[in-house]
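Open the model in your viewer and keep the selection tool at hand. The stops below go from the whole chain to single side chains.

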Amino acid sequence: GNSIAAGQIAAALRERFGVELELRSFFDAPKLAAFADHIDALLREGAKRALPPIQRAAPADRATLSHAQERLWFLWNLDPNGTAYM
């Protein structure tokens, strides 16, 4: 699967069973039976593990752009009214 689907499934499992799962657990147990065993083990342990809260990163003076972002920025500066990437 992909990480977006894994996040959606993790949210549904959190609501339904009260179990916090790391997204990595989806990829550690890629087969459904192994994943179900992992969830069962968490429920048996009474683990309603709370994941640590996401920490805000310190703001950088200037974020580094990827090559694709640099290309789009460059093209936009050449023609701000262009519709190539709208």
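The tour starts with the whole chain and then moves to the core, the surface and the charged pairs.

**Whole chain**

Start with everything selected, and keep in mind that this is a predicted model. Colour by secondary structure: the protein chain has four helices and zero strands, and from the N terminus on the order of elements is α-α-α-α. Of its 86 residues, 15% count as buried. For contacts between residues at least 6 apart in sequence, 37% join residues at least 24 apart.

**Nonpolar core**

Next, select Ala6, Ala10, Leu13, Val19, Leu21, Phe26, Ala29, Phe35, Ile39 and Leu42, and show their side chains. These 10 residues are the largest nonpolar core. Helices α1 (3-17) and α3 (32-44) each supply at least two residues of this core. In soluble globular proteins, nonpolar side chains tend to be buried together.

**Nonpolar patch on the surface**

Which residues form a nonpolar patch on the surface? Select Leu65, Trp73, Phe74, Leu75 and Leu78 to see the patch, which has about 520 Å² of accessible area together. One of its residues, Phe74, sits in helix α4 (residues 67-78).

Go back to the loop between α1 and α2 (24-28), where Glu20 is found. Is Glu20 buried or exposed? Its relative accessible area is 18%, and because buried means under 20%, Glu20 counts as buried. Arg14 has 37% relative accessibility and counts as partly exposed, whereas Glu20 is buried. Side chains of opposite charge can pair when their charged atoms come close.

**Arg24 and Asp28**

The count of salt bridges comes to two. For another pair, select Arg24 and Asp28, which form a salt bridge with their closest N and O atoms 3.5 Å apart. Where do Arg24 and Asp28 lie? Both are in helix α2, four residues apart, about one turn of the helix.

Conventions
Residues are numbered from 1 along each chain as its sequence is written. This is a predicted model: local features need pLDDT of at least 70, side-chain atom pairs count only at pLDDT 80 or more; totals for chains, interfaces and linings use all residues. Side-chain values use heavy atoms; hydrogens and water are left out. A nonpolar core is a set of buried Ala, Val, Leu, Ile, Met, Phe, Trp, Tyr and Cys residues joined through side-chain atoms within 4.5 Å. Buried means under 20% relative accessible area, exposed over 50%, partly exposed in between (1.4 Å probe, protein chains only). Contact means heavy atoms within 4.5 Å. Patches are made of residues with over 30% relative accessible area and no salt bridge: like charges are joined within 9 Å, nonpolar side chains (Val, Leu, Ile, Met, Phe, Trp, Tyr) within 5 Å. Accessible areas come from the Shrake-Rupley method with a 1.4 Å probe; for residues, only the protein chains shown count as cover. A salt bridge is a side-chain nitrogen of Lys or Arg within 4 Å of a carboxyl oxygen of Asp or Glu.
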